[in-house]
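My entries follow the order in which I consulted each part.

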Amino acid sequence: MSLIEIRNVTKRFGRFAAVDDVSLKIETGEFFTLLGPSGCGKTTLLRMIAGFDAPDTGQILLDNEDIISVPPEKRPFHTVFQSYALFPHMTVAGNIGFPLKMAGKSSEEIEQRVTRTLAEVELSQFSDRYPHELSGGQRQRVAFARGLINEPRLLLLDEPLGALDEKLRENMQRELINLQADAGVTFIYVTHAQNEALALSHRIAVMNRGRIEQVDTSATIYNFPVNRFVADFIGKINLLDAQVMAISTQHLTLNVNHLGKIRVPLKASVNVNDKGVMAIRPEQINITALDPNAQNDGKRVGRIRDFLYIGDVTTYIIELADQVHIEALLANSVPGQAQRFEIGDQVAINWQENAAHFFPD
Amino acid sequence: MRRSSPLLRLIAMLVYAFLYIPLCIVVVFSFNDSKLNAEWVGFTLYWYQTLWNDHEMLLAVRNSLFIACCASLSATILGTMAGLAIHRYRLKVLPILAFTPLAMPEILLGVSLLLFYLQVLNLTLGLISIILAHTTFCIGFVAIIVRARLQGMDESIFEAARDLGATPWQAFYHVTLPLIKPAIIAGALMSFTLSIDDFVITFFTKGIGEPILPIQIYTMIKVAVTPEINAISTLLMLLTLTLITLANRFGSSMLRDPSH
């Protein structure tokens, strides 16, 4: 039995469907992420789970029971808001103790648990400070502590790392993973940052225009995106216009613009002559120097147009034809060598057959 | 700091002089040992003593304080509710309805309230009608102040309270109310000040009988300007200044820092 089940939920604002017939199951103990561009409906969906908004149609089930008519304070979920939403008139201890106070716990128990929690998040000496006297990172720790102290069955997180600078964000990502593992609480995490989603989540639901495009583990979504939107939204990918020439039991044979005949893994519900794109990730492309004296027929050939050296890796931009480029990402694993190719070099381009995908239009 | 030009400083001094010299004269002559407001003769507290024995005047003070307390209390409650509603439900029409009386000429408000009480409500004019009238024009002030306070705040704070287990009433009591408290206090003090020295609307809605402070002062001046008027004016000034200073302190602290 799933902890949370969302069944055919739709929410409209006027004529605009913010969430459009979404169904999802979230299991106990999962770190589940709703990922998508702004306006894709992820925050609206989170607000409906929290109870701030009610769906127009559909059901939200907790332990198989519909909770749509249950007000937010009666749901065993807490939320960490993007702005943290700390109470400005309460001290750190007052903020963290608030859920316990609302739950009717005795003042001794509240004091005890708040003291323990403050020690856990290393904020003991800030107990009597007000939120405006804390740094961004400290405020966030208070928000997490406040969300977790009353042991909710589900913690909802609305882009909680959005307001932090990049270095701090990386540290917090690691802390979040540990926090979730230690607390054993199910997380539903909303973000538009795909790298954050990949790094943190057990499973990701990629959303676009109110609909769910794909739900799966990070690695599956990255390696086997189901459509062009997911492929393009998660990570970097080269997209080249292509048309299906033939279909066999295991392969599609494509005619790819400027690259010619290419075989990719079979894909369901694709017909001969369908148009679309061939997609391949930059790091899955291997490039080798072209020997001008050797026989080069049948090889995929390009010319190095430009490169971006980022330290750990170098991105080569390879020109296939006028205005048609693909990117290849090569690790700089040899010390002292900034790049392996010069601008203008002719190179051969290769990849494993199952690394490329076809997405019909 | 930049130094202002001498001319501008002179103009500023003149403005302050025109504003405050008359007030100072009233205060000074309330202690003058002479029946005439013409020249300084000597210091006395005689006029304050006279005031203390003037039963009509004391009744007027009592009535005015009573009216101001009742009107500011009800205006604060209703105005706070209006401010909350306007903010929460993003109302479009109510704010216009609540705020227009603030800009309306007082005489218009006075006349219309008088006709309404007499012809529609069949009310006998007296303390009740004055309290009603004062409440009416004070609500807008309170609503404006409360709404301004709410507008500066992060909306998710109120959702967070519910989310963390507070019922709507608990959320109001533990989060909303403490956060808008400075605005409520400022609004109440403002209402009190507006009520206690209101002349025009009071004049139209008071009927005959009960003496009301501003009207009583006006009536006395019609007969003769005695230093007793200076004395009561000085006391009224003191009260108003105190309240305005308090209202300002709450008002500015709430703008400076949302935590207090």
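The entries below begin with conventions and then take the chains in turn.

**Conventions.** I worked on a predicted model, in which local features need pLDDT of at least 70 and side-chain atom pairs count only at pLDDT 80 or more, while totals for chains, interfaces and linings use all residues. Residues are numbered from 1 along each chain as its sequence is written, and chains are lettered from A and ligands numbered from 1 in the order in which they are written.

**Chain A, domains.** I noted a division of chain A into domain 1 (4–229) and domain 2 (236–360); such bounds come from an automatic or database domain assignment. The centres of domain 1 and domain 2 of chain A, taken over C-alpha atoms, are 39 Å apart.

**Chain A, sheet.** I then looked up an open sheet of 4 strands in chain A, with the order β2-β1-β4-β5 and antiparallel pairing. Its edge strands are β2 (16–26) and β5 (65–66) of chain A, each of which pairs on one side only. Strands here are DSSP runs of E with at least two residues, helices are runs of H or I with at least four, and both are numbered from the N terminus. Two strands pair if DSSP finds at least two bridges between them. For β1 (residues 4–13) of chain A and β2(A), I recorded an antiparallel pairing over 7 bridges. Within β2(A), Leu24(A) is the residue that stands opposite Ile6(A).

**Chain B, overall.** I found 11 helices and 0 strands in chain B. The C-alpha atoms of chain B fill a box of roughly 70 × 60 × 30 Å along the principal axes. Of its 260 residues, 36% count as buried, that is, 20 or more other C-beta atoms, placed from the backbone, lie within 10 Å of the residue's own.

**Chain B, helix α3.** I checked the length of α3 (residues 55–88) of chain B: its 34 residues at 1.5 Å a residue should span 50 Å, and its end C-alpha atoms are 49 Å apart, which agrees. The expected span is 1.5 Å times one less than the number of residues. After α3(B) comes Arg90(B), with a positive phi near 50 degrees.

**Contact between the chains.** I recorded 17 residues of chain B in contact with 20 residues of chain A, where contact requires C-beta atoms, placed from the backbone, within 7 Å. On the side of chain B that touches chain A, the elements giving two or more residues are α7 (156–163) and α8 (168–196) of chain B. α7(B) gives the most to that side, with 6 residues.

Note on methods: A residue is buried if 20 or more other C-beta atoms lie within 10 Å of its own, exposed if 12 or fewer, and partly exposed in between; C-beta atoms are placed from the backbone. Two residues are in contact if their C-beta atoms, placed from the backbone, lie within 7 Å.
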